[in-house]
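Please look through the sequence and the model shown below before reading on.

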Amino acid sequence: MQRHLISAADLTRDDAVLILDTAEEMARVADRPIKKLPTLRGRTVVNLFFEDSTRTRISFEAAEKRLSADVINFTAKGSSVSKGESLKDTAQTLEAMGVDAVVIRHGASGAPYRLATSGWIDAAVINAGDGTHQHPTQALLDAFTMRRRLIGRDAGIGQDLAGKRVTLVGDVLHSRVARSNVDLLHTLGAEVTLVAPPTLVPVGVETWPCEVSYDLDSTLPKSDAVMMLRVQRERMNAAFFPTEREYSRRYGLDGERMARMPEHAIVMHPGPMVRGMEITAEVADSDRCTVVEQVANGVSIRMAVLYLLLGGNEPAVSHARTTEEK
Amino acid sequence: MDTQASDARPVLEGPDIARVLTRIAHEIVERAKGADDVVLLGIPTRGVFLAQRLAAKLEQITDRKIPVGSLDITMYRDDLRMHPPRALARTEIPGDGIDGRLVVLVDDVLFSGRTIRAALDALNDIGRPRAVQLAVLVDRGHRELPIRADYVGKNLPTSLRETVKVQLAEEDGRDTVLLGAKPTARQ
């Protein structure tokens with residue numbers, strides 16, 4: 001993953017397992033009365049959010065504060081960006097302030113990569129979601145949740161997800177969560193199946209390391225984890241399916257469908273959930289649904305990533321697949 | 001701290017280590033007047049094994065279960081920024097916590113004292129012990145901070161050009177303390 005975390009595809013298996021193991025130790029800090037470590041004392045992290053996302057931003061903010069970093073929150077709304085300032089100018093402003101890391105969320109795919117490789121800024125760049133491209137910390141927290149639930153908290157240390165079968169259901173086309181998860185789960189040895197209406201399957205999906213199916217019911221009985229994706233209506237510029245009712249009938253998860261899953265299988269959702277459409281309240285509130293755990297695990301994963309990228313004088317993870325040194 | 005086996009000389013062997021730990025266990029019972037509220041916390045990696053061995057000996061002496069845990073100090077080190085971040089080890093605090101207890105920190109080698117300083121910081125975030133004591137297998141000197149051990153297995157005056165390597169059966173397959181020459185001038 002080098003100095004930056006741009007894409008889940010950049011992580012090697014060993015990098016990913018190191019992050020998951022580190023997150024397991026970070027999770028123990030959350031169980032303590034004083035949830036704080038001095039590890040990033042004196043380091044400054046900017047949360048640079050060009051797109052609204054309360055959930056991801058506060059998760060990063062909690063992680064940064066638990067590691068004692070100085071946190072600056074920057075939202076595009078009401079900033080100079082709305083006056084027409086470019087990403088380059090914003091980056092150079094941050095550079096001048098001596099920022100050590102930038103957590104960036106941007107509506108355009110590739111913005112974090114540009115920030116990391118253009119030479120505008122010296123800081124480590126962490127992608128917190130770019131367009132329909134990648135959301136690597138989300139994929140990591142999902143993998144962490146699966147490892148904990150399917151293998152066990154202590155038994156999972158040092159383990160990957162080899163042989164686990166994961167099904168991602170819904171709006172794959174607009175989902176950076178799906179892309180990141182397919183990359184990371186493949187690296188960790190899991191078998192991934194995408195289930196979506198044909199209109200919501202991206203072009204070129206046959207090059208992805210996963211299976212594609214249009215039939216949810218036949219996939220459910222052989223899944224260890226079923227991840228429901230949010231239908232991203234805000235990104236839809238055309239009619240991708242006839243009606244919500246139709247979508248829900250074919251691709252929604254209700255109690256009856258959940259009963260067809262194996263006993264140990266879990267239901268995941270990256271949030272925010274649209275209850276009644278992709279998931280019924282009955283499923284969302286059941287013990288098998290890990291939505292709330294995923295949120296808690298998100299803080300631990302982000303602490304682990306921040307520690308491994310910023311804790312020492314160089315990142316702890318290997319120069320694996322891409323080489324984009326500054 | 002790696003030492004080539006060829007030029008390393010053992011200063012403590014298996015039976016010596018067992019004897020030394022038995023003595024430390026007795027000293028703890030004596031100083032803590034029965035070790036009623038003692039909690040042993042080992043510093044990973046080898047301190048944890050030593051803490052477990054000490055706990056077993058204390059249980060033999062006092063006939064009581066002695067809580068034992070581990071305390072990883074990685075994130076409290078003052079030299080974090082000088083190296084790549086290392087993988088974290090396990091921190092495991094016994095169920096009843098450490099508040100109001102006598103915590104005995106256990107480590108293999110006492111050297112600069114910086115590890116123990118970090119451990120004291122880490123303890124601060126976990127609770128408030130009644131008192132904190134330190135037990136080490138080897139004290140090799142060269143302190144950089146005003147810290148000393150309460151229980152010492154062996155005082156080993158060393159030069160900075162030497163290395164001290166503790167090997168324990170749980171991790172290394174055998175019990176021994178090796179004194180050797182440093183391969184390079186770098187510490």
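Where is the place of Lys33(B) in chain B? Lys33(B) sits in the loop between α1 (14-31) and β2 of chain B, where helices (H or I, at least four residues) and strands (E, at least two) are DSSP runs numbered from the N terminus. Although Lys33(B) is not a glycine, it has a positive phi of about 50°. This is a predicted model, in which local features need pLDDT of at least 70 and side-chain atom pairs count only at pLDDT 80 or more, whereas totals for chains, interfaces and linings use all residues. Residues are numbered from 1 along each chain as its sequence is written, chains are lettered from A and ligands numbered from 1 in the order in which they are written, and side-chain values use heavy atoms, with hydrogens and water left out.

Two peptide bonds also deserve attention. In chain B, the bond that joins Pro44(B) and Thr45(B) is cis, with omega about 0°, and Thr45(B) belongs to the loop between β2 (38-42) and α2 (46-62). In chain A, the peptide bond from Gly271(A) to Pro272(A) is cis, with omega near -10°, and Pro272(A) is placed in the loop between β9 (266-268) and α10 (281-284).

On a 1 Å grid over the protein atoms alone, a cavity is a set of points where a 1.4 Å probe fits but cannot get out, while a pocket is an open set with protein on both sides within 12 Å along at least five of seven lines, and lining residues have an atom within 4 Å of a point. The volume of the second largest pocket is about 370 Å³, taken as the space filled by probe spheres set on grid points that are joined across faces, edges and corners. Its lining comprises four nonpolar, seven polar and eight charged residues, where Ala, Val, Leu, Ile, Met, Phe, Trp, Tyr, Cys and Pro count as nonpolar, Asp, Glu, Lys and Arg as charged, and the others, Gly among them, as polar. Helices α2 (54-66) and α6 (176-187) of chain A each supply at least two residues of this lining.

The UniProt record, an unreviewed entry, lists a "binding site" at Arg55(A), Thr56(A), Arg105(A), His135(A), Gln138(A), Gly271(A) and Pro272(A). The lining of the second largest pocket takes in Arg55(A), Thr56(A), Arg105(A), His135(A), Gln138(A), Gly271(A) and Pro272(A) from this set; UniProt positions are given in the numbering used here, feature names are shortened, and annotations may be inferred rather than shown by experiment. Thr56(A) lies in helix α2 of chain A. UniProt also places a "binding site" (unreviewed entry) at Lys83(A), Arg176(A) and Arg230(A). These residues span 148 residues in sequence and their farthest two C-alpha atoms are 31.8 Å apart, so they do not all gather at one spot. From this set, the lining of the second largest pocket takes in Arg176(A) and Arg230(A), and Arg176(A) is found in helix α6 of chain A.

Between the chains, 25 residues of chain A are in contact (heavy atoms within 4.5 Å) with 19 residues of chain B. The area buried between chain A and chain B, meaning the accessible area (1.4 Å probe) that two parts lose on being put together, summed over both, is about 1,800 Å², of which carbon and sulfur atoms give 54%. In chain A, Glu25(A), Arg32(A) and Tyr307(A) lose the most area to chain B, together 29% of what that side buries.

The count between chain A and chain B is three salt bridges, each defined as a side-chain nitrogen of Lys or Arg within 4 Å of a carboxyl oxygen of Asp or Glu. Arg90(B) forms a salt bridge with Glu25(A), with the closest N and O atoms 2.9 Å apart. That pair crosses from the loop between β3 (68-70) and β4 (102-110) of chain B to helix α1 (residues 13-30) of chain A.
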